[in-house]
Amino acid sequence: MKRHLISAADLSRDDALLILDTADELAKISERSIKKLPTLRGRTVVNLFFEDSTRTRISFEAAAKRLSADVINFSAKGSSVSKGESLKDTALTLEAMGADAVVIRHGASGAPHRLANWVRGSVVNAGDGTHEHPTQALLDAFTMRRRLGPLDGRKITIVGDVLHSRVARSNVLLLSTLGAEVTLVAPPTLLPVSVGSWPCEVSYDLDAVLPKSDVVMMLRVQRERMNAAFFPTEREYSRRYGLDRERVARLHDEAIVMHPGPMNRGMEIAAEVADSPRSTIVEQVANGVTTRMAVLYLLLGGADLGGEIQ
Amino acid sequence: MKTIVIKGARILGGEPADILIRDGVFAEIGQDLSGDETIDATGLVALPGLVDLHTHLREPGREDAETVETGTRAAALGGYTAVHAMANTDPVADTAGVVEQVWRLGQEAGHCDVRPVGAVTVGLDGERLAELGAMADSAARVRVFSDDGKCVSDAVLMRRALEYVKAFDGVVAQHAQEPRLTKDAQMNEGAVSGRLGLNGWPAVAEEAIIARDCLLAAHVGSRLHVCHLSTAGSVEIVRWAKSKGWDVTAEVTPHHLLLTDDLVEDSPVGSYNPIYKVNPPLRTRADVEALRAALADGTIDCVATDHAPHPVEDKETEWAAAAMGMIGLETALSVVQEAMVETGLLDWAGVAERMSFAPARIGRVADHGRPIEVGAPANVTLYDPAVRAEVDPAGYASKSRNTPYQGRALPGRVVATFLRGRPTVLDGKLA
Amino acid sequence: MVFSLADSVSHARGGAHAVLEGPDINRALIRISHEILERTKGAQDIVLLGIPTRGVYLARRLAAYIRQFEGRSVPVGSLDVTMYRDDLRLRPARALGRTELPADGIDGRTVVLVDDVLYSGRTVRSALDALNDLGRPQVVQLAALVDRGHRELPIRADYVGKNLPTSKSEIVKVCLEENDGRDAVLLLKEDDK
């Protein structure tokens, strides 16, 4: 594995399988009464969150704590960052604190790449702008594998605002690495112009894709996109691209429904679909901790690779 | 005044000759000339002093990034004898007072002539015309008007500006960028922006404005200059406008002749390094090829640096927060050698046309951009194309260090620059 | 002591010295299973926990012999100690082995840890920590196919297949049919590595 996990493209097939296999073992630990491991004792993990994301931060925090790492939560709000301190100065502060890993969530695409130039520790991307969210993709793949077995040849459909989705980008990369066949479904306005060069299929017709899908992953669609003319109305979006009961009926019996959360019930996904047995939405949350433990262990559990600072 | 003899220079890359300079003009060109001072130019190419149509000197307002003094030093070291100082200063160069101030600062610095560019609209706001006539009549004798950094996107305002400057033989230099199509845009829209999750800057946002402006210029019978062409489509539109006989000229920057958008994803200085963030954005290999071909065939008239200094804190940030722009005065000739001369697309006479004669013509800069011949003002650059060295901005005269070429080897070196017979650079250092 | 098949085969051919061959290993395991039966009064309430990779195969073999002699099956599991090791930072992060406890767990049982080679004792120390997080055995014992000495912690084995005096510069490799295609214990010089 590389020293950082910034993009799902950083992971070879072997790396990805190693993370998922490790997560499989670690999942057992969350079932026992003592859920803590001593593995990362004395190591410091900093959660550097420039955007509010309680669920992702808590997930990383639980993962680090179960491995006995010291966790420092650094939220941009109410800190020197909101007073105009630059990312670089923040990085130097963390470096002085001796962070072994920095988990960063940032509104700007590429912020983790920049951070990696300025800290010695491992950088884990917990979501950067509209770029990537690799641990979300890993936990999604982990969830799929638990339900469906190996992902080779599995047909996975990702529906919604691909253009602005870091979850979609990471999932397309990771799932194709793992041998799955990904199809993106969205209105053309919510697909990048260059989507044809991605390792996946593209469709505008959800109903046509559903019958052959093993997994349907619904992406959150922000209502604000409507104002920028990406789609006319919520109602029309929901009618063409929302997952309701009738559409779910087109899926085969084993197919599952996923959503990275937070959901807009009634917009991209009907409440009864989100709560149905096909839905993995609650599992995804639990699997998030396990998968992130695997990532932190594999990045920090071995010899210090000692990165260079530019 | 002492006479200077430049011995053995290859004028425009031709056969070695001696050049005698007396009283600020070329007094004699031939063999075995002698003078009070002798400069050995064996093996060096003699080019007419370079003229830049597009330089950001940042003064007044951002003296932390560049001043007229430091920017014109950089210009002289890059072989330039005249630069056009862009109007997007603080305060904006939209009055006779500001342009005269910049012009005077250039005179006092003395490293090269500074021709201020006047803003088209007050405060670059795109709402009301600035006092273009007053700037034209001022001591700075402004002939080039531009809101560069912003596009004059209002079609009516653009039409009026094009018409109005005819009265004093001015030209509007348009920064072609349709603002709605480029809201929050971060880099060229294409495969790389899609992968990187950076808001795309579509080629059409540039091309649509250029097409509109060409049609407007034809309609009102005025001159139009298009700044920093960056796309193959823009080239096609300008080629079409010229084929109609319309008075349209265009420039390209050195960096758009060499660099591509994939550097944002993967480069020797990492991913998402804002050193590559520039307006207009770096485009694709196909665009670079089209721009080179257009510069070679004259569709693009000239090379302009768009030298855009920024302090380090405006570049050592996440991509979206970084300032747009690159410095370029001290590397322009080297980049043109690599992109155009070493590829066989231009000879040195072609370089002289694109980097001196044409920009001087477009900017109506008297006494610059003249051939090296007896009687002409002695503005000349001696250039050694045979050397090749790694770019190290540490030694640059520019106050800023935001060069995209750091660590890359580039050919050539400016050995000497003469402004009206007076050396501003000798042996690669300020004289 | 985890080595790949390719490594052990090539080293074996490279003139490595076989200390134990297949029949020796079987005899040692048979003896250990008898000793376990004696010491635990007929293997009442015992759980055999192998330490991956080869300890797991050895534990299964011991269980098979015990069943053969006593006609009764003994619960077998595996205990991965990777996350508890004290030398994690000396090498790149490694893949985890499997931890699988018998359905009835280990509380109140006599746990016999099974490993291929006992050396510094650090692996066993890790195993004791790991056990601590999994439950509370009544007694913990240790079986090792080879004890090569050089202990760095106050740990000893209850059952030893063979005491093998070695120098620290030597390498002991255990090959097992299940994992390596043959049974053997090899002694290699460091420069063979």
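## Ground rules

Residue numbers start from 1 along each chain as its sequence is written, while chains are lettered from A and ligands numbered from 1 in the order in which they are written. Since the model is predicted, local features need pLDDT of at least 70 and side-chain atom pairs count only at pLDDT 80 or more, whereas totals for chains, interfaces and linings use all residues.

## Who touches whom

Two pairs of chains are in contact, and A with B shares the most contacts; a contact here means that the C-beta atoms of two residues, placed from the backbone, lie within 7 Å. On the A–B side, 22 residues of chain A meet 18 residues of chain B. Helices α3 (87-97), α4 (111-118) and α6 of chain A each give two or more residues to that side of chain A, and α4(A) has the largest share with four residues. Helices here are DSSP runs of H or I with at least four residues, strands are runs of E with at least two, and both are numbered from the N terminus.

Chain A also touches chain C, with 16 residues of chain A against 16 of chain C. On the chain A side, α1 and α12 each supply at least two residues, with α1(A) giving the most, five residues. Chains B and C share no contact, and their closest C-alpha atoms are 24 Å apart.

## Chain A overall

Chain A holds 12 helices and nine strands. Its radius of gyration is 19 Å, which agrees with the value near 19 Å for a compact globule of 310 residues; the radius is taken over C-alpha atoms, and the globule rule is 2.2 Å times the number of residues to the power 0.38. The C-alpha trace spans about 55 × 45 × 35 Å along its principal axes.

Of the 310 residues in chain A, 52% are buried. The label buried takes 20 or more other C-beta atoms within 10 Å of a residue's own, exposed takes 12 or fewer, and partly exposed is in between, with C-beta atoms placed from the backbone. Among chain A contacts between residues at least 6 apart in sequence, 74% link residues at least 24 apart.

## Helix α1 of chain A

Back to α1(A), the helix at residues 13-29: its end C-alpha atoms are 25 Å apart, in agreement with the 24 Å that 17 residues should span at 1.5 Å a residue. That expected span is 1.5 Å times one less than the number of residues.

The buried residues of α1(A) are A:Ala16, A:Ile19, A:Leu20, A:Thr22, A:Ala23, A:Glu25 and A:Leu26. Their cover includes α5 (134-148), α6 and α12 (281-300) of chain A.

## Strand β6 of chain A

Strand β6(A), residues 181-185, is largely enclosed by the rest of the structure because four of its five residues are buried. Strand β5(A), residues 155-159, runs parallel to β6(A) and is joined to it by five bridges; strands pair if DSSP finds at least two bridges between them. Between β5(A) and β6(A) the chain passes through helix α6(A), residues 166-177, in a right-handed β-α-β crossover. Right-handed means that, with the strands pointing away from the viewer, the path from the first strand over the helix to the second runs clockwise.

One bridge pairs A:Ile158 with A:Leu184 in β6(A). Strand β7(A), residues 201-203, also pairs with β6(A) in the parallel sense, over three bridges, and there A:Val185 stands opposite A:Ser203.

## Chain B and its annotated residues

Chain B has 11 helices and 19 strands. Buried residues account for 59% of chain B.

An unreviewed UniProt entry annotates B:Asp148, B:His175 and B:His228 as "binding site"; such annotations may be inferred rather than shown by experiment, feature names are shortened, and positions follow the numbering used here. The three are spread over 81 residues of sequence, yet they cluster in space, with a largest C-alpha distance of 10.0 Å.

B:Asp148 is in the loop between β9 (144-145) and α4 (155-164) of chain B and counts as buried, with 26 C-beta neighbours inside 10 Å. Beyond its neighbours within four places in sequence, its contacts include B:His175 and B:Cys227. B:His228 lies in the loop between β13 (224-226) and α7 (232-243) of chain B, and is buried with 26 other C-beta atoms within 10 Å. Leaving aside neighbours within four places in sequence, B:His228 has contacts that include B:His54, B:Glu251, B:His256 and B:Asp306.
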